[in-house]
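Subject: Structure handover and what was found in it

Dear colleague,

I am passing on to you the structure we spoke about, with its sequence alongside.

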Amino acid sequence: MQAVAGLSFEARPGEIFGLIGPNGAGKSTTIRMIMNIIAPDSGTIRFDGSPLSEADKDRIGYLPEERGLYRKAKLGEVLEYLAAIKGAKPALYRPSIDAWLGRFGLSEWKHRKVQELSKGMAQKAQFIAAVAHNPSVVFFDEPFSGLDPLAQDELLAVMVELKQKGATVLFSTHIMEHAEKICERILLMDKGKEVVYGSMADIKARYGRNAVQLEFDGDASFVAGLDFVESVVSYPRWIEVEMKDDADPDALFRALAGRLRVRRFETVAPSLHKIFVRLVGGEEAQNVQA
Amino acid sequence: MSRLRYVIRHEFRLTAANKAFVILTILGPFLIFAVSVLPSLLAQSPGAVASGKPLALSGAPPPVEQALTATFSGMGIGVERVDDAAAAKDSVLDGSRIAFLSLEAGWPDSGKAVWYSKSGAEIALYSAASAVLEAAAREARIVESGVDPALVAKVLSPPSFEVIKLDKGGAEEARGSDSFVEVLMTVLVFVMLIYMTVLLYGQMIGRSVVTEKTSKTVEIMLSSVKSQDLMFGKILGLGLAGLLQYAVWVSMAFLLKRFVGPLLGLSLPAGISTGNLVWLVVFFILGFFLYSSAYAALGAASEDEQHLGQMAWPLIMFLIVPLVMISTLVTSPDSTLVVILSLFPLTSPIVMLARVLVSSPPVWQLALCLALLVAAVAGTAVLAAKIFRVGILMTGKRPKLKEVLRWVTVK
């Protein structure tokens, strides 16, 4: 069975790159291959233009999807150990760990055992383990899963900060909204294959027919049947309508008059989710959150 | 190599800082002391049990009293004649006398000799008293019957019988039943040590590997170090802790032998010699590496600790078999079965060690044993590294044996 096949992409220094796809698309397998945890049957992973070596791993920080730290050990000791095996010097990682612990409000947990941490705290601790040795490249595999919305925003901010400090940030997610907020370039994948790859702006322009977001009261099911409408993504209280290439949103507005109570009518660039749905097909898209 | 160092250091610290480890390291020598030295200590100077307290005596005729006094003063125990039996018993109860020996009127024919003590467990003391009384009674009866005591002595004297252990190089060493007990004790202690430490450390490695899986730390570890660095780091880290433990124990044994022993005026069992201690450490190291590698592979192939426990059973059997056979090992160290077991790598660390202690196995057998062990360690390590590499990432299902074998063949 093949989890991933014929995938080719690059992340450029100093950018935020998103690896996006539904559950089971092969995102984690791809990242594991990049991290050299599992070997690809064919193909190469290149780092700064040459095949990834063991030494390169030191410059990479990794947040695996499967979270876990030695439960019986003290948090500070685990973090120092994980930084040390990345080849970092104590003079570098000690202050760095303290700073990150402070940033995430975990300073007082430094000398407590990992098993005492709450799930959210453990998640943050794991994030610190990925960045404490000041890597120039970071991989975050599903970094937002299990975090509450506030913590998700905090993490988004930190990722942007890492980029601003010059790090290359790669992350995988099945939540399009996060990718849309911070990614410069993305690889959209499904069933182990590339669906679309490129800069966010290009992709939006390429697949960017005009779309309309609509909030309303009433039954909007007829909209999908209008002849200038390409497709519709429906939610309980609003829909996103993708118009056919030459259609005028104005035509839609006129068609709605008298049949729906329109609260908001907005022409937008299509969301990543919308693009994904169009490219992959509705059924696959069920897995993906907008 | 540099990464391996950190893993080793981490695992070493994790083990050596463990309370159980510290307790075992410190208590180990005392346990060994208790098992190996205490019996000979008590046999040689039963007076130590009395710790200077006198023995109360009543009803003994003067020659018997003299004989008892002579015997007990040799052990550093005074004998006090008492008249009041009740007071004498009280003095035993309150601890001011070690025991009270009462000879009833008419002893030895119509009266009994009774030994009163708090515990009734000072076997060395009362068997000495009993021997003196027996000799005195026998002599009295011989005199009474009119037979010449010199003739009786001649009739009853046992013929001489000696046991000599032949060593290569022409050395001959007298052995009595005492020295056999000593050898048995030493073998028992050494074999138990190897068994316990190899099993303990093996299980620690297995658990450590399983924890890597169940805590899901493994992926972040593998993003930094190679899987074989992780595995050998664990084995070497724990091995260092084990060696530290052995270093403490061996130096304690030396201290006992060199300083504490002479101080107390007793000798350690002859088996605890420098050469034998070296063999102990050599077989520990080889046994440790063999079983640790096997346990690392088992740990990587198991789903959780319970599963590891089940899978480890066949392995543990090989450690238990020599223990069950320990009396055979000591009594017939050169029988075919024992020789085979002393060459087979999974049993040889224990069996060959026992043979070295008891007899002098041929040099070629020793060499073959060590060669086979080293080869087995290398082979197991290579296999284990392969199983480890694949198994450590497998979670959520119990792999079948066939699957595990396939991991080995993965390039």
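This is a predicted model: local features need pLDDT of at least 70, side-chain atom pairs count only at pLDDT 80 or more; totals for chains, interfaces and linings use all residues.

Chain B is divided into two parts, where domain 1 takes in residues 2–42 together with 177–409, and domain 2 covers residues 46–157. When the centres of these two domains of chain B are taken over C-alpha atoms, they are separated by 50 Å.

Next comes the sheet. Strands of a sheet pair through backbone hydrogen bonds, and the pairing can be either parallel or antiparallel. In chain B there is an open sheet of four strands, whose order is β2-β1-β3-β4 and whose pairing is mixed. Its edge strands are β2 (79–81) and β4 (113–117) of chain B, each of which pairs on one side only, and from one strand to the next the twist averages 25°. Within this order, strand β1 (residues 55–58) and strand β3 (residues 99–103) of chain B pair in the parallel sense over four bridges, and here B:Leu55 stands opposite B:Ala99 in β3(B).

Helix α4(B) lies across β1 and β2 of chain B, and it runs at about 150° to β2(B). This helix, made of residues 62–74 of chain B, also meets helix α6 (residues 123–145) of chain B: their axes come within 10 Å and cross at roughly 145°, and the crossing of α4(B) and α6(B) is right-handed. Which residues bring these two helices together? From α4(B) they are B:Pro63, B:Val64, B:Ala67, B:Leu68 and B:Thr71, and these meet B:Ala128, B:Ala129, B:Val132, B:Leu133 and B:Ala136 in α6(B). Sorted by class, this contact of α4(B) with α6(B) has nine nonpolar residues and one polar residue, with no charged residues.

Finally, there is the contact between the chains, in which 14 residues of chain B are in contact with 18 residues of chain A. On the side of chain B that touches chain A, the elements that give two or more residues are α1 (2–16) and α9 (218–222) of chain B, and α1(B) gives the most, with four residues. Taken by class, the residues on this side of chain B divide into five nonpolar, five polar and four charged.

With best wishes

Definitions and conventions
Residues are numbered from 1 along each chain as its sequence is written. Chains are lettered from A and ligands numbered from 1 in the order in which they are written. Axes are lines fitted to C-alpha atoms, for helices over the stretch in contact, and angles run from 0 to 180 degrees between N-to-C directions. A crossing is left-handed if the near helix is turned anticlockwise from the far one by less than a right angle, and right-handed if clockwise. Two residues are in contact if their C-beta atoms, placed from the backbone, lie within 7 Å. Ala, Val, Leu, Ile, Met, Phe, Trp, Tyr, Cys and Pro count as nonpolar, Asp, Glu, Lys and Arg as charged, and the others, Gly among them, as polar. Domain bounds come from an automatic or database domain assignment. Two strands pair if DSSP finds at least two bridges between them.
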